[in-house]
Amino acid sequence: MEIRTVGVVGAGQMGNGIAHVFALAGFDVTLNDISQDALDQSVETIRNNLDRQVGRGKLEETARDAALSRITTTATLSDLGPSDLIIEAATEREDIKHAIFAELAPHLGDQTILTSNTSSISITRLASRTDRPERFMGFHFMNPVPVMSLVELIRGIATNAETYDTLSAVVATLGKQAASAEDFPAFIVNRILMPMINEAIYTLYEGVGSVESIDTSLRLGANHPMGPLELADFIGLDTCLAIMNVLHEGLADTKYRPCPLLTKYVEAGWLGRKTERGFYDYR
Ligand code: CAA
């Protein structure tokens, strides 16, 4: 199946990055969120990120303008119905994701492929509540989407081969690399990355090191581009906690127990960069 039109649900950090890379690769993108303000802000972010690529000589101005012209926005979810491919990139809450797919259902074309950019929720369970589990897949981009090469492809138990092949081809068109993961809690990247971040938070909690010494240790001692606490702030501490909870509940092993300090920060509303306060102060 050929994909030309893409509907993206959620214009936050991940949604705007996804819209950015699809528009740049020549797809027509319809971006949805609940408010026009959020959509306008998202397009502004895309414009700034494209400008940055132009500024660094990585992109022609004409390509930037063409990409921007391929993005339309709508606060009405059903407008996404006719798209060939839908990518749900809303808040990492299962009830919200089910509600989005349910609301879209009566407006979808017969062949439309549904995907979720979830970082940890069961694809099989999300798919089972739709009318097309065979055309449903996990389509997991990494943050920042325009920079990171990887896309995890996660088949639910019922996903058919045509859907998998179609999405593999789309990843290649984006100039990115696919890695296939089975549908188990948090798939591959977050199964490995989040326990490391959680352990870094325990290291802080137990007083083994300061925020700075933990991050410096991993940046300079293991060549990570960002320290784990800086990365947690970048991803969002609410997202980190949600993923740890999925691992803890799904794998029933205490080694995935979220650090109490992570829980406390989330309860305080200190979610990292997006609230200007996390392990670092961005105010
Ligand atoms: N859009 C477009 N380009 C961007 C960008 C954005 N949002 N953010 C950064 N860039 C580009 C810059 O233009 C620059 O491009 P060139 O090298 O081509 O000139 C490049 O990225 C590097 O940027 P900077 O020089 O400004 O900054 P940096 O060298 O400190 O790199 C970083 C920034 C790429 C974010 C780097 O720190 C990094 O790789 N961090 C780790 C990111 C990571 O681990 N992501 C995965 C998170 S886990 C996840 O996403 C899964 C999940 O479900 C939670």
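Q: Which domains does the domain assignment of the chain give?
A: Domain bounds here come from an automatic or database domain assignment. For this chain the assignment gives domain 1 (5-181) and domain 2 (191-275). The contact between the two takes five residues from domain 1 and five residues from domain 2, where two residues are in contact if their C-beta atoms, placed from the backbone, lie within 7 Å. On the side of domain 1 that touches domain 2 there are one nonpolar, three polar and one charged residue. The C-alpha centres of domain 1 and domain 2 are 26 Å apart.

Q: What conventions apply to the numbering and the model?
A: Residues are numbered from 1 along each chain as its sequence is written. The model is predicted: local features need pLDDT of at least 70, side-chain atom pairs count only at pLDDT 80 or more, and totals for chains, interfaces and linings use all residues.

Q: How many helices and strands does the chain have?
A: Helices (H or I, at least four residues) and strands (E, at least two) are DSSP runs, numbered from the N terminus. The chain has 11 helices and eight strands. Its radius of gyration is 19 Å, close to the 19 Å that the globule rule gives for 283 residues, so the chain is as compact as a globular protein of that length. That radius is taken over C-alpha atoms, and the rule is 2.2 Å times the number of residues to the power 0.38. The C-alpha trace spans about 55 × 45 × 30 Å along its principal axes.

Q: Which residues of the largest nonpolar core touch the most other members?
A: In soluble globular proteins, nonpolar side chains tend to be buried together. A nonpolar core is a set of buried Ala, Val, Leu, Ile, Met, Phe, Trp, Tyr and Cys residues joined through C-beta atoms within 7 Å. A residue is buried if 20 or more other C-beta atoms lie within 10 Å of its own, exposed if 12 or fewer, and partly exposed in between. Of the 73 residues in the largest core, Val8, Ile18, Ala19, Val29 and Cys240 touch the most other members. Helix α10 (residues 237-251) gives the largest share of this core, eight residues. At least three residues come from each of domain 1 (5-181) and domain 2 (191-275). Leaving aside neighbours within four places in sequence, the contacts of Ile18 are Val8, Ile87, Ala89, Asn117, Phe141 and Val145.

Q: Why is α9 largely enclosed by the rest of the structure?
A: Seven of the eight residues of α9 are buried, so the helix is largely enclosed. Its buried residues include Glu230 and Asp233. The cover over the buried residues of α9 includes α7, α8 (211-221) and α10. Gly236 follows α9 and has a positive phi, near 110 degrees.

Notes
Ala, Val, Leu, Ile, Met, Phe, Trp, Tyr, Cys and Pro count as nonpolar, Asp, Glu, Lys and Arg as charged, and the others, Gly among them, as polar.
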